[in-house]
Amino acid sequence: MAGKMANIEMLERFLDYCAVKNRVITKNIANTTTENYQSEDVSFNDILNKNMNSFIKTTNQKHMAIGMGQTSGPMVVKTSGDTNSYGNNLGNNVDIEKEMAELARNTLNYKFATKKISNYYKTLQGVIKGGS
C-alpha cells in the first residue's frame with residue numbers, strides 16, 4: 001500500500017508540474033508579439049530527479065537513507081537560452097508552433113495523470129465499500 005501511495009504522490013506532483021507548465025506555456029503564447037520577450041520553460045526531469053530520491057527505500061539498516069523526508073521545492077521556471085527570433089522581427093524567441101505543440105502534450109499528460117489518480121481512488125472506494 002505504501003508503494004501505491006508513493007506513486008499517487010508522484011502523480012500529484014506531476015499534476016502540479018503540469019499546472020505550472022500550462023501557465024508558462026500560455027504566458028509564452030500571450031507574449032508572442034512582445035518585443036524582446038524571452039520564452040520560459042519548466043523542466044520536469046529536474047523536478048523528477050530531485051524527488052525520486054525521496055522514494056528510495058533501504059533494504060538493510062546499514063544502508064544510508066537517501067533523501068528520506070525531503071519535500072519537493074518550488075518548481076523553477078527557466079528562461080530559454082535560445083536567442084533566435086522566429087521571423088517576427090521583434091527580437092523575441094517564441095515559436096508559436098512549438099508552444100502550441102507543448103500545450104497539447106501538456107494537456108494530454110494532465111489528463112493521463114488525473115485519470116490514473118481517479119482510478120486509484122475509485123478502486124480504493126470500492127474496496128472500502130466491500131467491493132472488489
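Student: Where is Asn36 found?
Tutor: Asn36 sits in the loop between helix H1 (2-30) and strand E1 (40-42). Helices here are DSSP runs of H or I with at least four residues, strands are runs of E with at least two, and both are numbered from the N terminus. Keep in mind that this is a predicted model: local features need pLDDT of at least 70, side-chain atom pairs count only at pLDDT 80 or more, and totals for chains, interfaces and linings use all residues. Residues are numbered from 1 along each chain as its sequence is written, and side-chain values use heavy atoms, with hydrogens and water left out.

Student: What phi does Asn36 have?
Tutor: A positive one, about 60°, although Asn36 is not a glycine. Most residues other than glycine have a negative phi.

Student: Okay, zooming out, what pattern does the chain follow along the sequence?
Tutor: The pattern reads α-β-α-β-α, and the chain comes to three helices and two strands.

Student: How much of the chain is buried?
Tutor: Buried residues make up 27% of the 132 residues. Buried means under 20% relative accessible area, exposed over 50%, and partly exposed in between, with a 1.4 Å probe and protein chains only.

Student: New topic: how many cavities of 30 Å³ or more does a search of the whole structure find?
Tutor: One. About 60 Å³ of space lies in the largest cavity. A cavity is a set of points on a 1 Å grid over the protein atoms alone where a 1.4 Å probe fits but cannot get out; lining residues have an atom within 4 Å of a point. Grid points are joined across faces, edges and corners, and the volume is the space filled by probe spheres set on the points.

Student: Which element gives the most to that lining?
Tutor: H1 does, with four residues. H1, E1 and helix H3 (96-128) each supply at least two. Among the lining residues are Lys21, Glu40 and Lys98.

Student: How do the lining residues divide by type?
Tutor: Two are nonpolar, one is polar and six are charged. Asp, Glu, Lys and Arg count as charged; Ala, Val, Leu, Ile, Met, Phe, Trp, Tyr, Cys and Pro as nonpolar; the others, Gly among them, as polar.

Student: And how far apart are Glu40 and Lys21?
Tutor: They are 9.5 Å apart in space, C-alpha to C-alpha, and 19 residues apart in sequence. Glu40 is in strand E1.

Technical notes:
On a 1 Å grid over the protein atoms alone, a cavity is a set of points where a 1.4 Å probe fits but cannot get out, and a pocket is an open set with protein on both sides within 12 Å along at least five of seven lines; lining residues have an atom within 4 Å of a point.
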